Each structure stands twice: as C-alpha cells, then as structure tokens.
Amino acid sequence: MAPTPGHPIVIRNATVLTMDPSHTVLTDADVLVQGSDIAAVGVGLDVPEGTFAVDGKGGIVMPGMIDTHRHMWQTAMRGYGADWSLAQYFVWYYLEHGKSFRPEDVHAGNVLSAIEAVDAGVTTTVDWSHGLQTPDHADAAVDALESVPARFVLAYGNIQQGPWEWATSDGFRDFVKRRIDTRGDKLGFQMAFDVTGDPEFPEKAAFEVARDLGVPVTTHAGVWGATNDDGIRLMYENGFMVPGTIYVHAATLSHDSYHRIAATGGIASVSTESEQNAGQGYPPTWQLRRHGIDVSLSMDTSVWWSADLFSAMRTTLSADRSREHLEAHAKSETITHHALRAEQVVEWATMGGAK
C-alpha cells in the first residue's frame with residue numbers, strides 16, 4: 001500500500017545518522033516527514049492520525065547526499081570512457097565531438113543523470129554544465145532538471161568559448177532573466193569556468209558578472225596540465241577568492257594556494273575516483289585536512305564512472321589512508337590509528353556538500 005499524497009510519513013525503528021555537529025547516531029529511531037519537511041527525529045515518536053508508516057528495522061536513514069560537481073550532460077555516454085585518461089577526455093569533449101552535442105542531447109544526458117542521482121540517494125546535484133554552447137542548450141538543461149523530483153544546481157558553463165565571451169553575452173543575460181530569476185526553490189545557480197593562469201587574466205570579466213549577479217563561481221583548480229597556482233594567485237590578487245567559491249579537484253596546488261583557499265573561505269570538491277583514474281592529481285583530502293579547508297565530494301562524470309557517492313566515500317577513505325601509510329613507511333614508521341574516519345567522509349558527502 002502506497003502513502004497518500006500530502007499525508008505524513010514516518011520511518012520506524014531505523015538506525016538514524018543525524019549528521020548533527022556531534023554525529024549522533026540513534027538506534028531503533030523514527031523519522032517523521034510532513035510535506036517537504038523532516039518534522040521530527042527520535043525514538044517512539046507520536047505521529048498524526050493517518051500517517052503512513054514504513055518499517056525501517058535493519059536499515060539506515062541518513063541525509064540525502066550532495067554531489068557538488070557532475071557533468072550531467074555527458075551521461076548519455078555513461079561508461080563510454082571507462083579507459084580514458086584526462087587527455088583523451090579533453091580531446092573528445094573539448095576539441096572534437098563535444099561541440100556536436102545538440103540541445104536535445106544535453107536534455108537526454110541531464111534526465112538520465114538526474115534519475116541516476118536520485119536512484120543512488122543523491123538528492124542534490126550540481127550540474128557542472130560546461131556543454132551550454134547556446135541559450136537553447138541551457139534551456140534544455142534546465143527543462144531536464146525540472147522534470148525530475150530532486151534538487152539541482154545549474155552551474156552554467158561553455159567550454160567552446162572563453163568565459164569572458166559567454167558570460168557577458170546578451171544570450172546569457174536573457175537566460176538568467178528568464179530561467180534563473182524566476183526559478184523555484186529546487187534549482188540553484190552557479191557560474192562554472194576555469195582560470196588558465198594567463199597573466200592578462202581575461203576571466204576577470206566573468207568574475208565581475210558573477211559578483212554582479214551575486215552567485216558563486218565553481219572552478220577546476222589544481223588540475224595537472226590544465227590549471228595551477230597562477231590561476232589561484234590571479235583570483236586572489238584581483239579580489240575574486242571569496243567565501244563560497246568552489247575549487248574542484250584542487251589536487252596539484254602549492255601550500256600557498258591552499259592557504260589562500262582556507263583564508264578566503266573556499267570549499268573543495270574532491271572527485272576521488274576521477275582523480276585516481278584520469279590523472280587530475282592525487283586526491284587531495286590529506287592536504288585539505290592539513291590546511292583546514294572544507295571538503296565536499298563529487299563524481300565528476302559518468303562517462304567513466306557511476307553516480308554512486310557511497311563508492312566515492314569508500315574510495316576517498318582508501319586514497320587518504322594509502323597516502324598516510326606511504327608517508328609513514330618512507331620514514332620507517334607505522335600508522336596504528338587512521339587520521340581520516342568513516343564518519344568524516346559521510347560528513348563530506350552530506351553536510352560538506354550542503355555548505
């Protein structure tokens with residue numbers, strides 16, 4: 001028997017990961033949902049008459065996971081690049097076939113990715129949408145996201161143009177006015193572009209647009225062979241490293257750059273499986289922890305991996321601990337207690353993404 005639409009739902013007798021600041025775990029506990037809100041969490045909850053009950057015995061209830069960086073438009077090719085390096089990915093999407101994607105192709109990829117995310121327990125996904133070659137592509141992306149009952153953030157980008165071009169265009173301004181200024185509470189907005197380190201800093205114009213719109217910038221930073229410390233320095237010197245800026249990968253940066261990110265309230269999005277597979281750099285959680293930088297997790301693209309953030313959590317633990325052991329072994333030492341705990345990666349996959 002299915003719940004009646006609009007009626008409250010209670011999950012009974014589950015193990016509940018609250019993910020509060022103390023990481024409280026409740027056993028044989030209930031979660032009451034009324035409308036779109038979690039109304040109460042506790043043991044033996046009193047619930048309104050007519051509440052639909054779900055037996056959660058033996059199960060775990062936890063906050064929905066948040067993927068802070070996924071190229072959803074590529075998902076129609078899921079698994080196609082399982083053996084690709086980052087160089088092959090760049091050639092395929094940036095230089096060759098990526099420019100052939102039509103609005104309907106972007107729509108198909110986004111619908112598939114959105115459903116895949118919800119199926120994997122990811123209730124909010126940042127669509128790092130750098131395939132938006134035209135406003136029609138952007139409309140198709142939003143149409144797809146709005147067709148699936150979850151939360152999404154459109155991170156608008158276009159790898160076929162410099163951000164100083166598309167961000168200042170009439171088409172982009174019109175799109176923001178039509179689709180973003182009138183959006184509902186289930187669609188967020190960011191601007192997605194990278195800083196190459198060109199000393200002329202042409203990306204400045206796009207940062208100024210983001211500042212005028214009051215929206216965060218998400219940028220691939222510290223990616224081997226693509227973005228480096230020069231980009232971070234230019235952002236900092238021009239006043240564009242601000243709280244809420246998201247630094248994706250952040251895997252090949254100097255201590256100076258990590259200090260700048262920490263000091264300005266930046267947040268990292270780590271895609272461990274992607275970084276290990278494609279070569280953006282060694283997953284940097286060990287560096288981010290040392291510098292006190294907030295961490296979130298992401299899957300990057302389903303063209304080579306899945307949308308499973310549980311897999312991302314396990315892989316992140318493995319990568320961080322492997323680095324810890326290797327550093328100890330190089331000094332003829334032995335790790336007896338891991339620095340990174342399982343509960344911390346659950347924090348990153350949920351509350352880290354929320355931040």
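Student: In which helix is Thr350 found, and does Thr350 count as buried or exposed?
Tutor: In this predicted model, Thr350 is found in helix H12, which covers residues 342–354.

Student: Which residues is Thr350 in contact with, leaving aside its neighbours within four places in sequence?
Tutor: Neighbours within four places in sequence are left aside here, and what remains is a list of contacts made with residues elsewhere in the chain. Thr350 is in contact with Met19, Met62, Pro63, Gly64, Met65 and Ile66.

Student: Where is the place of Lys355, and is Lys355 buried or exposed?
Tutor: The place of Lys355 is in the segment after H12. Exposed means over 50% relative accessible area, and because Lys355 has 58%, Lys355 counts as exposed.

Student: At what angle do H2 and H3 pack, and how are they arranged relative to each other?
Tutor: Helix H2 covers residues 103–119, and helix H3 covers residues 135–146. The axes of H2 and H3 are 8 Å apart, and the angle of packing is about 25 degrees. Angles under 35 degrees count as roughly parallel, and therefore H2 and H3 are roughly parallel.

Student: Which residues of H2 meet H3, and how many residues of each class are in that contact?
Tutor: On the side of H2, the residues that meet H3 are Pro103, Val106, His107, Asn110 and Val111, and on the side of H3 they are Asp136, His137, Ala140, Ala141, Asp143, Ala144 and Leu145. Sorted by class, this contact of H2 with H3 has seven nonpolar, three polar and two charged residues. The crossing of these two helices, H2 and H3, is right-handed.

Student: How far apart are the axes of H3 and H5, and at what angle do these helices pack?
Tutor: Helix H5 covers residues 170–180, and its axis and that of H3 are 10 Å apart, with a packing angle of about 25 degrees. That angle makes H3 roughly parallel to H5, and the crossing of H3 and H5 is right-handed.

Student: Which residues make the contact of H3 with H5, and how many of them are charged?
Tutor: H3 contributes Pro135, Ala138, Asp139, Val142, Asp143 and Glu146, while H5 contributes Gly171, Phe175, Arg178 and Arg179. By class, the contact has four nonpolar residues, one polar residue and, as the number asked for, five charged residues.

Student: What covers the buried residues of H3?
Tutor: The buried residues of H3 are His137, Ala138, Asp139, Ala140, Ala141, Val142, Ala144 and Leu145. What covers these buried residues includes helix H2, strand E7 (122–129), strand E8 (151–156), H5 and strand E9 (187–192).

Student: In what crossing does H7 pass H8, and at what angle do they pack?
Tutor: Helix H7 (residues 229–237) and helix H8 (residues 255–263) have axes 10 Å apart and pack at an angle of about 35 degrees. The crossing in which H7 passes H8 is left-handed. The contact is made by Asp229, Ile232, Arg233 and Tyr236 of H7 together with Ser257, Arg260 and Ile261 of H8.

Student: Where does Ile293 lie, and which residues does Ile293 touch?
Tutor: Ile293 lies in the loop between helix H10 (285–291) and strand E13 (294–297), and because its relative accessibility is 6%, Ile293 counts as buried. Not counting residues up to four places away in sequence, Ile293 touches Tyr258, Ile261, Ala262, Gly266, Ala268 and Leu288.

Student: What phi does Phe201 have, and what phi does Ala250 have?
Tutor: Most residues other than glycine have a negative phi. Phe201, in the loop between E9 and helix H6 (204–213), is not a glycine and has a positive phi of about 50 degrees. Ala250, in the loop between strand E11 (246–249) and H8, is not a glycine either, and its phi is positive, at about 50 degrees.

Technical notes. Residues numbered from 1 in each chain as written. Predicted model: local features only at pLDDT ≥ 70, side-chain atom pairs only at ≥ 80, totals over all residues. Heavy atoms only, no water. Axes fitted to C-alpha atoms, helices over the stretch in contact; angles between N-to-C directions. Helix = DSSP H or I, 4+ residues; strand = E, 2+ residues; numbered from the N terminus. Parallel < 35°, antiparallel > 145°, perpendicular 65-115°, else oblique. Left-handed = near helix turned anticlockwise from the far one by under 90°. Contact = heavy atoms within 4.5 Å. Nonpolar A, V, L, I, M, F, W, Y, C, P; charged D, E, K, R; others polar. Buried < 20%, exposed > 50% of the residue type's maximum accessible area, 1.4 Å probe, protein only.
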